[in-house]
Amino acid sequence: MEAATKQSVTNRLLTVKSASGKTYSQLAAETGLTNVYVAQLLRRQAQLKPETVPKLREALPALTEELIAAMMSPPWRSYDPNLIQEPTVYRLNEAVMHFGESIKEIINEDFGDGIMSAIDFYCSVDKVKGVDGNNRVVVTLDGKYLPHSEQRTDKMVSRLNLKGSTSE
C-alpha cells in the first residue's frame with residue numbers, strides 16, 4: 001500500500017474513532033484487545049482478524065465495509081522517521097536506549113541467549129497512582145522469548161534438500 005493511501009485510510013479510521021468519542025482503552029474493553037493493539041489497528045500497523053470484526057463493528061458502528069476491508073489486508077508496517085522528534089516517542093526511545101543493555105542482560109540471565117519477539121507481542125499502556133499520589137504511566141511490553149539457535153548444517157532444511165535431490 002502506498003504511503004499516501006495508508007495515510008488516507010489511517011486518517012479516515014482516526015476520524016471514525018474521534019467521532020465515536022471513545023478512548024483506545026474504552027475500545028479495548030469493548031473488543032477484548034489491548035489499548036495499544038486497537039491503536040495499531042486504527043493506524044494500519046496491525047491486521048484486523050475476521051473473528052474481531054463483529055466486536056470492532058459494534059464498538060465503532062461508523063466503520064464502512066471499505067475501511068473494514070482495508071484493515072483486514074496485511075498492513076505496510078512503517079513509521080515516519082520524523083516521529084522520533086515527537087517528545088513522547090523520543091522519551092520512549094531514550095528509555096529503551098538507556099535501559100536496553102540492562103534489560104538484555106537480564107533476559108540472558110533469566111532465559112539464556114535469546115531475544116523478546118516483537119511479532120508474538122502484546123503491549124498496553126495503563127495509568128496508575130504512584131506511592132506519592134502522582135499519576136504514573138505503565139507501559140507493558142509482553143513478548144514471547146525466542147532463543148537463538150546454533151546454526152548446524154544437519155538442521156538446515158534448505159541445505160539438506162539441496163544435498164538430497166536436485167529436482168522434484
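User: Which residues of helix α5 are buried?
Analyst: In this predicted model, the buried residues of helix α5, which spans residues 65-72, are Leu67, Ile68, Ala70 and Met71. Buried here means under 20% relative accessible area, exposed means over 50%, and partly exposed lies in between, with a 1.4 Å probe and protein chains only. Helices are DSSP runs of H or I with at least four residues, strands are E runs of at least two, and both are numbered from the N terminus.

User: Why do they line one face of the helix?
Analyst: Seen down the axis of α5, the buried residues fall within an arc of 160°, so they line one face; the arc is that of the directions from the helix axis to the C-beta atoms. The face turned away from that buried side carries the exposed residues Glu65 and Glu66.

User: And what does Leu67 touch?
Analyst: Leaving aside residues up to four places away in sequence, Leu67 touches Val9, Arg12, Leu13 and Val16, where contact means heavy atoms within 4.5 Å.

User: What is the mean pLDDT of the protein?
Analyst: The mean pLDDT is 91, and 94% of the residues reach 70 or more; pLDDT is the predictor's confidence in each residue, from 0 to 100. Where pLDDT is low, the predicted coordinates should not be read in detail.

User: Switching to α2, which residues are buried there?
Analyst: In helix α2, covering residues 24-31, the buried residues include Leu27, Ala28 and Thr31. They cover an arc of only 105° around the axis, which puts them on the same side of α2. The helix is followed by Gly32, whose phi is positive, near 80°.

User: Where is Arg44, and what is its phi?
Analyst: Arg44 is found in the loop between α3 and α4, and it has a positive phi of about 60° although it is not a glycine. Most residues other than glycine have a negative phi. Arg44 counts as buried, at 1% relative accessibility.

User: Is Asn35 buried or exposed?
Analyst: Asn35, which lies in helix α3 (residues 35-42), is buried, with a relative accessible area of 11%. Its side chain reaches the backbone oxygen of Val125 at 2.6 Å. Not counting residues up to four places away in sequence, Asn35 touches Tyr24, Ser25, Ala28, Cys123, Ser124 and Val125.

User: How do β1 and β2 pair?
Analyst: Strand β1 (residues 114-129) and strand β2 (residues 135-147) pair in the antiparallel sense over 12 bridges, and a pair requires that DSSP finds at least two bridges between the strands. They form a hairpin with 5 residues between them, and Gly133 in the turn has a positive phi of about 90°. Within the pairing, Cys123 stands opposite Leu141 in β2, and Lys127 stands opposite Val137 in β2.

User: What about Gly143, which residues does it touch?
Analyst: Gly143 lies in strand β2 and touches Met116, Ser117, Asp120 and Phe121, again not counting residues up to four places away in sequence. At 24% relative accessibility, Gly143 counts as partly exposed.

User: Which residues does UniProt list for "active site"?
Analyst: The unreviewed UniProt entry lists Arg91, Glu94 and Ser117; UniProt positions are given in the numbering used here, feature names are shortened, and annotations may be inferred rather than shown by experiment. Arg91 has its place in helix α6, residues 87-111, and Glu94 is found in helix α6 as well, where it is partly exposed, with a relative accessible area of 36%.

User: Which residues does the domain annotation cover?
Analyst: According to the unreviewed UniProt entry, "domain: Cyanate lyase C-terminal" covers residues 78-151. That span is 34% helix and 39% strand, and its end C-alpha atoms lie 30 Å apart.

Key
Residues are numbered from 1 along each chain as its sequence is written. Side-chain values use heavy atoms; hydrogens and water are left out. A polar contact is a pair of N or O atoms within 3.5 Å; within protein, one must be able to donate a hydrogen and the other to accept it, and residues adjacent in sequence count only if both atoms are side-chain atoms.
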